[in-house]
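Biologist: I have a protein model open on my screen and would like to learn how to read it. Could you take me through it feature by feature?

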Amino acid sequence: MVLLCFIELMSFAEIGTYIVMFFAVYVQVFFLIIFFEKRKQLRDAHNAPLPELDSFPTVAVIVPAWNEGTTVHGTVESLLALDYPKDKLEVILVDDGSTDDTWQEMLRYKDHPRVKIFQKENGGKHTAVNFGIDHTDADFISCLDADSFVAPDALKRIIAVFQKKPEVMAVAPAFVS
């Protein structure tokens with residue numbers, strides 16, 4: 001009886017809000033538990049010896065950027081430091097209509113042989129990625145946010161997954177602390 005009265009006092013919008021909040025918390029707790037359960041496995045995989053590659057396919061890393069003037073330089077430097085044959089790696093920087101100094105930071109790489117820079121009208125990250133895809137003929141295409149950094153061995157580990165398991169179509173790296 002008390003529960004029925006309580007439900008009558010709440011509107012359907014409030015009930016819906018509580019249901020959404022419950023599932024949101026449930027999902028967050030679920031992912032947190034999964035993270036802690038898999039953390040040792042991820043760390044072990046990260047510390048495993050580098051696999052031998054059968055070949056080194058060409059790879060393009062597309063970096064879409066919007067107002068990332070303070071971080072894009074570090075991102076590019078981490079990509080250029082990858083332990084991968086230099087003639088097989090290209091970095092494609094796409095300024096998606098930034099209003100800060102992102103384009104000026106990208107221009108620092110205008111003469112770099114492995115870096116291509118482009119500027120386009122703002123259309124969102126997906127349009128910048130598609131723009132980059134249109135400007136490469138690499139065997140593999142990767143995308144990295146302009147405020148992220150990669151470990152020097154990351155690309156070799158990712159390519160090894162494709163070579164070991166040809167049925168794999170995509171690989172998402174994990175952040176390991």
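Modeller: Gladly; we will go from the overall layout to the sheet, the surface and the salt bridges.

Modeller: A word on the ground rules. This is a predicted model, so local features need pLDDT of at least 70 and side-chain atom pairs count only at pLDDT 80 or more, while totals for chains, interfaces and linings use all residues. Residues are numbered from 1 along each chain as its sequence is written, and side-chain values use heavy atoms, with hydrogens and water left out.

Biologist: How many helices and strands are there in the protein, and in what order do the elements run?

Modeller: Helices (H or I, at least four residues) and strands (E, at least two) are DSSP runs, numbered from the N terminus. Here the protein has 6 helices and 4 strands. Starting at the N terminus, the order is α-α-β-α-β-α-β-α-β-α.

Biologist: What share of the residues counts as buried?

Modeller: Buried means under 20% relative accessible area, exposed means over 50%, and partly exposed is in between (1.4 Å probe, protein chains only). Of the 177 residues in this protein, 30% are buried.

Biologist: Which strands are joined to β1, and by how many bridges?

Modeller: Strand β1 (residues 59-65) is joined to β4 by 4 bridges, and valine 59 has phenylalanine 140 of β4 as its bridge partner. Between β1 and β2 there are 7 bridges, and these two strands also run parallel. There, alanine 65 stands opposite aspartate 95 of β2.

Biologist: Is β1 buried or exposed?

Modeller: In a regular strand, side chains alternate between the two faces of the sheet. Both faces of β1 are covered: Val59, Val61, Val63 and Ala65 are buried on one side, and Ala60, Ile62 and Pro64 on the other. Since 7 of the 7 residues of β1 are buried, the strand is largely enclosed by the rest of the structure.

Biologist: Which residues form a nonpolar patch on the surface?

Modeller: Patches are made of residues with over 30% relative accessible area and no salt bridge; like charges are joined within 9 Å, and nonpolar side chains (Val, Leu, Ile, Met, Phe, Trp, Tyr) within 5 Å. The patch consists of Ile19, Phe22, Phe23, Tyr26, Val27, Phe30, Phe31 and Ile34, with about 810 Å² of accessible area together. Phenylalanine 22 sits in helix α2 (residues 12-47) and is exposed, at 52% relative accessible area.

Biologist: How many salt bridges does the count come to?

Modeller: A salt bridge is a side-chain nitrogen of Lys or Arg within 4 Å of a carboxyl oxygen of Asp or Glu. By this rule there are 6. One of them pairs lysine 120 with aspartate 96, with the closest N and O atoms 2.7 Å apart. Lysine 120 lies in strand β3 and aspartate 96 in strand β2, so the pair ties together parts 24 residues apart in sequence. Lysine 120 is buried at 15% relative accessible area, and aspartate 96 is buried at 2%.

Biologist: Where do lysine 125 and aspartate 145 lie?

Modeller: Their side chains meet in a salt bridge, at 2.5 Å from N to O. Lysine 125 is in helix α5 (residues 125-134) and aspartate 145 in the loop between β4 and α6 (154-164), so this pair ties together parts 20 residues apart in sequence. Lysine 125 is partly exposed at 44%, and aspartate 145 is partly exposed at 32%.

Note on methods:
Pairing = 2+ DSSP bridges. Areas by Shrake-Rupley, 256 points an atom, 1.4 Å probe, with all protein chains shown as cover.
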